[in-house]
Amino acid sequence: MAQGHGRSLEAAMRAGSLLALLVLWQAAAVLAASRALPSPAAVAQFLAAEALHGDLLANIGATLRRVVMAFVVAMAVGTAIGVGLGRSPAANTAFDPWLMALLNAPALVVAVLCYIWLGLGEAAAVTAVALNKIPNVVVILREGARSLDPGLEEMARVYRFSPATWARHVLAPQLAPFLAAAARSGLALVWKIVLLVELLGRPDGVGYAISVYFQLFDVTAVLGYAVAFMAVMLAVEFLVLQPLEARARRWRLAAA
Amino acid sequence: MAQGHGRSLEAAMRAGSLLALLVLWQAAAVLAASRALPSPAAVAQFLAAEALHGDLLANIGATLRRVVMAFVVAMAVGTAIGVGLGRSPAANTAFDPWLMALLNAPALVVAVLCYIWLGLGEAAAVTAVALNKIPNVVVILREGARSLDPGLEEMARVYRFSPATWARHVLAPQLAPFLAAAARSGLALVWKIVLLVELLGRPDGVGYAISVYFQLFDVTAVLGYAVAFMAVMLAVEFLVLQPLEARARRWRLAAA
Amino acid sequence: MPRLEIDISAKTYRRPDGTAVEAVRGLRVVLAPGEFVCLIGPSGCGKTTTLRILLGLDRAYEGRVVPDPATLRIGMVFQEPRLLPWRSVEENIRLCMPRQHRARPLDELFAAFGLAEWRGRYPGELSLGLARRVSLVRAIVNGPDLLVLDEPFVSLDDRAAAELRQAVMAAVARHRMTVVMVTHNLREAIELADRLVFLAPRPTRVIEEVALAAARPERGPAWIEAQRAMLAARGATA
Amino acid sequence: MPRLEIDISAKTYRRPDGTAVEAVRGLRVVLAPGEFVCLIGPSGCGKTTTLRILLGLDRAYEGRVVPDPATLRIGMVFQEPRLLPWRSVEENIRLCMPRQHRARPLDELFAAFGLAEWRGRYPGELSLGLARRVSLVRAIVNGPDLLVLDEPFVSLDDRAAAELRQAVMAAVARHRMTVVMVTHNLREAIELADRLVFLAPRPTRVIEEVALAAARPERGPAWIEAQRAMLAARGATA
Amino acid sequence: AGAQPVRVGVLQFGTVSWEIETIRRQGFDAARGLEVQPVRLASSDAARIAFQAGAVDAIVSDLLLAARLRAEGRAILYAPFSATEGAVMVPAASPIRGVADLAGRSIGVAGGALDKSWLLLQAHARRAAGIDLAGAARPAYGAPPLLTEKLETGELDAALLYWNFCARLEAKGFRRLIGADELARGFGVTGPLALVGYVFAEPFVAGRPAALAAFLAASRQAKALLAGADAGADAAWTAIRPLMQAEDEAAFQALRRRFVEGIPHRPIAAEQADAQRLYAVLAEIGGEKLVGSARSLPPGLYADAG
Ligand SMILES: Nc1ncnc2c1ncn2[C@@H]1O[C@H](COP(=O)(O)OP(=O)(O)OP(=O)(O)O)[C@@H](O)[C@H]1O
Ligand SMILES: Nc1ncnc2c1ncn2[C@@H]1O[C@H](COP(=O)(O)OP(=O)(O)OP(=O)(O)O)[C@@H](O)[C@H]1O
Ligand SMILES: [Mg+2]
Ligand SMILES: [Mg+2]
């Protein structure tokens, strides 16, 4: 009961918060009365038209596919490397400069090189995005792996936890806040880079659409596409990430 | 003695690691023998020429200034908001959708709106970068603030720690890994967005130069600028971030 | 320090999923100024819960604590040392002192608690017994109105425990602190307390109070043993 | 379980900045199979250090442990409970069991240790005494070759401590475990051990060993008290 | 009074900067009481942003954008800058001889699916050869430099590129398959049509008409100088050569030739009539997405050069 109540209250607050954002936007649009800031209604109208007669859904689908693939690859590879570097100071000293170089490589350069080397295709696009995101995951997870509780580590060694048991029951819960931070900021980063990569060399996707409309300076369409994809990301956040997180945090609430 | 020894060994490993990276690059360039992958020597030559007769130093200076300003603003604002949201579930529920919206707003759109609203100036550029980075810092620090040790919290309350003492001696050390992750991934992100922002509306900076040379498909120059700035970021990492981190982690080593 | 009244009619821990643990039901203890009271009760009965309410750390209960703990100067030894791992032993103690007293010399105190050579070390370099001493020093260093101790003298050998008890009692006497101590060690309680409060198993309440009239210097080992035997015979500890 | 030999000629903690703490110097203890040995020594002398070496958790020392602890099946009660806060009490225990035994019924064990109603709870919901019981169950559940206990029976009232001692001793007898226990409670040591090993202050070494020949059932309160008085008179605990 | 400033958005190595530099060097602006100030920008996107943000008085952009802005009620003006157009480029030895041969080939398209040259090429292929290029060929949209590189390495069989990329490729021996100007003529355009031009911002147009006229005159004068074949022209070109990033003499000559060829010299009325025709065609094939709500070229778009 209490829990159900809390949930629906939360949903209501969330909806109210989104509504407030819309109202703010509308107010700004009215105040500005400029073509550079269309009202929510105009954007909604564009979205409806584009969804019915245009490529909105196809473009979102294409982008989403790239985002998901790059995200999964980047999280898996980045977590493995990050934990490895966090636990082995020697490996860290050896590979830290490589990591920093990749982390600070401009997305544009990485994307262009990928396109040149792997061809103007889907594989190059996903690789470019993953390469941009991996070092990011690594540096976050490395901090997590460095701040593990040594007491629990000793306990697991004494009781000879298998690597799988250790990873799942000792490591993962301690990394959870870092994983959450990496996933959340990572999802956003991935989709921002997908936009860039699409702009440089893909024939579809939200990034492609935004760049086309941007060339025509159709701000309504640009905002429309941005908002549409942001809505998708909000849905992922509230329907996937947050429930997962809530499960991982149950023990904190129980003991609170 | 032991410490000095460890340090110089570490520096040697680091140098070796960078050297290995260069060798790899050289090998790849020789194998590829393509205009699209110039050798390190060619890039170094370009850098020397551009430093002597071109705008290399001025461009790096301009970009560095923007990076530093946006970084400082984003870290300060983002940390404050992140800690606030992490400690107050009510505030979090209310503002989470706003945060997610900003986090997932395409950098391009934010940059364009900033330029149009604030004029084509430094202020707009720095604001655009900070706006892109702030939500990133927030989501990382929020996780940190959520996983604070309740036992130490109680101790601090019983002994009536002043807010300043609490922030400095209880909060900050617990946030340290999250701050390190946010700072490191943040510095990289900031500089990537500065590139974009420069590309869209500044008459100088590394991003401006990269995009100009990219139009000419002068990969040597593009890589040269990228490498030059990556070198600056590596220097910041090794001369500023890592010593700071080492200080913050002293207690772990002492007790290990 | 005024008279302190703890009156907890009910304290129940509730999970978000609805299950509940009733920890305290109708516990009332009144402390006279300067009094030393020991709470004694079976493991898991609700002693720490009671102390957290007394400290003002838990406000989700029915009942009241008068005066409001937020108005008191309190020193606390938690059941675990709870030191800041990233600050040295000395910093851990000084950070709990009011800013104007932070620079005060503490050499005597460190010496009395056997910590002289550990001042500059981090808590992770201490054995548990040494860490407990730090937490004891932290609790008394400000000469608080109210001293709350949750099993302070465990993980210590008999001689060290005796020395530390003496050092703490000296501070208590000097500052006329009111003291609430939880212990499982009946001999220790008899040696130190003005009054023993025996608690029932969870949900806990007071089942018996025993006043100990003898002045502390007169409490030799034989007297303590006799009292203990008497209490055991009466079944008070059951 | 073979004969166990612990021989630590030196153990020094060194900081990166060069300062050092010498914890052990020339400690040698040999355990016969199935023997129960108590280590008794002043606070901070190096007991936990010795146990960590014995467990194979610390390899940066001079000396040797034979056989290699990595080859032994070990149960350990650390000085703090060290439970996984994000797993329930029951999961904490089952995760330490070999995979093929994970599904074994544990009702009796939980009942014997007073944990029946806490199986599904998280460690954060336990009092310290309850958490210690979990860590005790975890240590004996697999019937290890070697049982290592670092002050296992503190934070417990006398009756609970007595019950738990009995439950642990039953498991020890059933599986013929070799036991090394650290305690500050001399009465407890006299009640349980085959041999008492008294340790010197830091850097620690063995200063005296006392074998206790009486069979355990014959060790009544009076006998224990007598032994204690005798040892105190000899100054062994000093 | 001091010289009146006119801020013009330029790309560092773009053709506009060549003209602006010539105006400044030769003092064509000062002679008219102007001070032309180049505002350096990194890309054409940046130019559009600067224009919207009011940071420049003029940029060089395409006719369609100008028409779109004007149709939306903004009193901007357009003045032809260059009639040089992009083209479909193929390697010299390519078996592709005509538009029909593009079927089944990969073709890079700069500017994306709504690029006007691409629309014209598709319409042309449909009419002339009966093939639907979007389906029959494999178009690859992407950044022009990237497509140029891909054409050079052979990953693409052909590429529809902007003229400056074409000029460089020509200098390397690549072949023009068909130019956008040729395509346009197929749709009734009678002469070289300047599809890129100066777009003057609203406040500038409304507030400083004299400066606008003076600027146009200076621009014409600079073009006339650069178009010459005498020593003065050579000197002027040598002066701006650093702005051209020509890797060799061949590229320099190709860029110069193309620039000169593209200088618009027809009367505004003729330009306007041709623009009107092409606009109708593009509105037909590109639809609202491309041209916005207006079906025909908005009136008064062209700056009166008189
Ligand atoms: N957050 C919580 N949620 C649910 N139950 C709790 C919580 N905290 C404590 N309890 C339970 O409440 C009871 C009282 O706990 P408390 O810590 O006060 O015991 P205690 O008397 O201090 O025991 P000990 O002697 O073991 O320290 C225990 O059964 C404990 O498991
Ligand atoms: N990591 C470390 N660095 C430096 N000194 C340490 C470290 N760990 C322990 N020590 C010191 O070594 C000595 C022995 O520690 P140990 O934990 O073995 O003591 P102990 O006998 O278990 O004490 P207690 O009865 O308090 O648990 C102590 O003085 C302790 O402070
Ligand atoms: Mg307790
Ligand atoms: Mg110890």
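Entry one. I noted before anything else that this is a predicted model. I then looked up the salt bridges, and the count over all chains comes to 93. I reminded myself that side chains of opposite charge can pair when their charged atoms come close.

Entry two. I looked up E5(D) and found its side chain in a salt bridge with that of R28(D), at 2.9 Å from N to O. The two residues are 23 apart and link distant parts of the chain, with E5(D) in strand β1 of chain D and R28(D) in strand β2 of chain D. E5(D) counts as buried because its relative accessibility is 10%, whereas R28(D), with a relative accessible area of 40%, is partly exposed.

I turned to R202(D), which forms a salt bridge with E117(C), the closest N and O atoms lying 3.0 Å apart. R202(D) sits in the loop between β8 and β9 of chain D and E117(C) in the loop between α3 and α4 of chain C, so this pair joins two chains. R202(D) is partly exposed at 28% relative accessibility, while E117(C) is exposed at 55%.

Entry four. In chain C I also looked up D58(C) and R52(C), whose side chains meet in a salt bridge at 3.6 Å, N to O; D58(C) is buried, with a relative accessible area of 9%.

Which residues gather in a patch of positive charge on the surface? I found R168(A), R247(A), R250(A) and R99(D) there. Of these I followed up R247(A), which is placed in helix α10 of chain A, residues 219-248, and which counts as exposed at 60% relative accessibility.

Terms used
Residues are numbered from 1 along each chain as its sequence is written. Chains are lettered from A and ligands numbered from 1 in the order in which they are written. This is a predicted model: local features need pLDDT of at least 70, side-chain atom pairs count only at pLDDT 80 or more; totals for chains, interfaces and linings use all residues. Side-chain values use heavy atoms; hydrogens and water are left out. Patches are made of residues with over 30% relative accessible area and no salt bridge: like charges are joined within 9 Å, nonpolar side chains (Val, Leu, Ile, Met, Phe, Trp, Tyr) within 5 Å. Accessible areas come from the Shrake-Rupley method with a 1.4 Å probe; for residues, only the protein chains shown count as cover. Lys and Arg count as positive and Asp and Glu as negative; His and the chain ends are not counted. The place of a charge is taken as NZ of Lys, CZ of Arg, CG of Asp or CD of Glu. Helices (H or I, at least four residues) and strands (E, at least two) are DSSP runs, numbered from the N terminus. Buried means under 20% relative accessible area, exposed over 50%, partly exposed in between (1.4 Å probe, protein chains only).
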